[in-house]
Amino acid sequence: MLDVDVFWSFRSPWSYLATPRLRALQETYELNVHLRPVYPIAIRTPDFFLQVNPLWPPYLLRDSIRVAEMLDLPFKWPNPDPVKQYRDDAGKTRTANEQPHIHRLTRLGIVAAEQGKGIEFADEVSRLIWGGTVNWHEGDGLATAAARAGLVLADMDNIITEETARLEAAIEQNQHDHEGVGHWGVPTCSFKGEPFFGQDRLDVLVWRLEQSGLKRRA
């Protein structure tokens, strides 16, 4: 059995677009895909969007839509956005101090991983968030997504309420280990310490896994 870590964010369109294939790899091959949730760059580096080339955000959206179409996945920028941002008086994008969604989502991702359903939870929840569901955070959408992954959302929420500090430490460790393998972006897969950044490097990852004897499940 081979093992791959995937450093992953609920706010990353590229993480969403990679996840169905990562889940399929785990289901098809003797492979454990370990979800390692991290906070998105807007949280880890709030000044990032003050420095980014203004051409980057519209290209990101165009390219995400194009790749989703190629993969036959529904895609729409989330409403609400998992990370709350706003434009200041100079028109610059800033990250709000109050974040109603991303901390809960990331902590839930840690709990799901601890319960052995990390990539399944990431797949189901990211489909809800990025697949065009308006107000994905309301009603029973998240609970239903968790159930499809084999988890109980109410139980998970109890854990993140009671063990917030421990889960934050786990997220911090993931972020430290993410940098340690040699990248900062998501999704980054790591196999034997070698990083594979981006949804467009999954074929390269599989090639490397095959060199190490990747086998189909019986």
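**Close-ups of a predicted model**

**View 1. L167, a buried residue in helix α9.** L167 is buried, with a relative accessible area of 0%. Keep in mind for this and the other views that the model is predicted. You'll find L167 in helix α9, which covers residues 164-180. Setting aside neighbours within four places in sequence, L167 is in contact with R107, I110, V111, E114, I159 and I160. Then there's T106: 61 residues separate it from L167 in sequence, yet from C-alpha to C-alpha the two are 9.0 Å apart in space.

**View 2. Helices α6 and α7 packed together.** Here helix α6 (residues 118-130) packs with helix α7 (residues 141-148), their axes 8 Å apart and at an angle of about 150°. Because that angle is over 145 degrees, α6 counts as roughly antiparallel to α7. The crossing of α6 past α7 is right-handed. On the α6 side, the contact is made by F121, E124, V125 and L128, while α7 brings in G141, L142, A145, A146 and R148. Sort the residues of this contact by type and you get 6 nonpolar, 1 polar and 2 charged.

**View 3. S9, a buried serine in a loop.** Now look at the loop between β1 (2-8) and α1 (13-28), where S9 lies. With a relative accessible area of 1%, S9 counts as buried, because the cut-off for that is under 20%. A polar atom of the S9 side chain lies 3.0 Å from the backbone nitrogen of R11. Not counting residues up to four places away in sequence, S9 also touches S15, V38, P40 and V186.

How values were computed. Residues numbered from 1 in each chain as written. Predicted model: local features only at pLDDT ≥ 70, side-chain atom pairs only at ≥ 80, totals over all residues. Heavy atoms only, no water. Helix = DSSP H or I, 4+ residues; strand = E, 2+ residues; numbered from the N terminus. Buried < 20%, exposed > 50% of the residue type's maximum accessible area, 1.4 Å probe, protein only. Polar contact = N/O pair within 3.5 Å; in protein donor to acceptor, adjacent residues only side chain to side chain. Contact = heavy atoms within 4.5 Å. Axes fitted to C-alpha atoms, helices over the stretch in contact; angles between N-to-C directions. Parallel < 35°, antiparallel > 145°, perpendicular 65-115°, else oblique. Left-handed = near helix turned anticlockwise from the far one by under 90°. Nonpolar A, V, L, I, M, F, W, Y, C, P; charged D, E, K, R; others polar.
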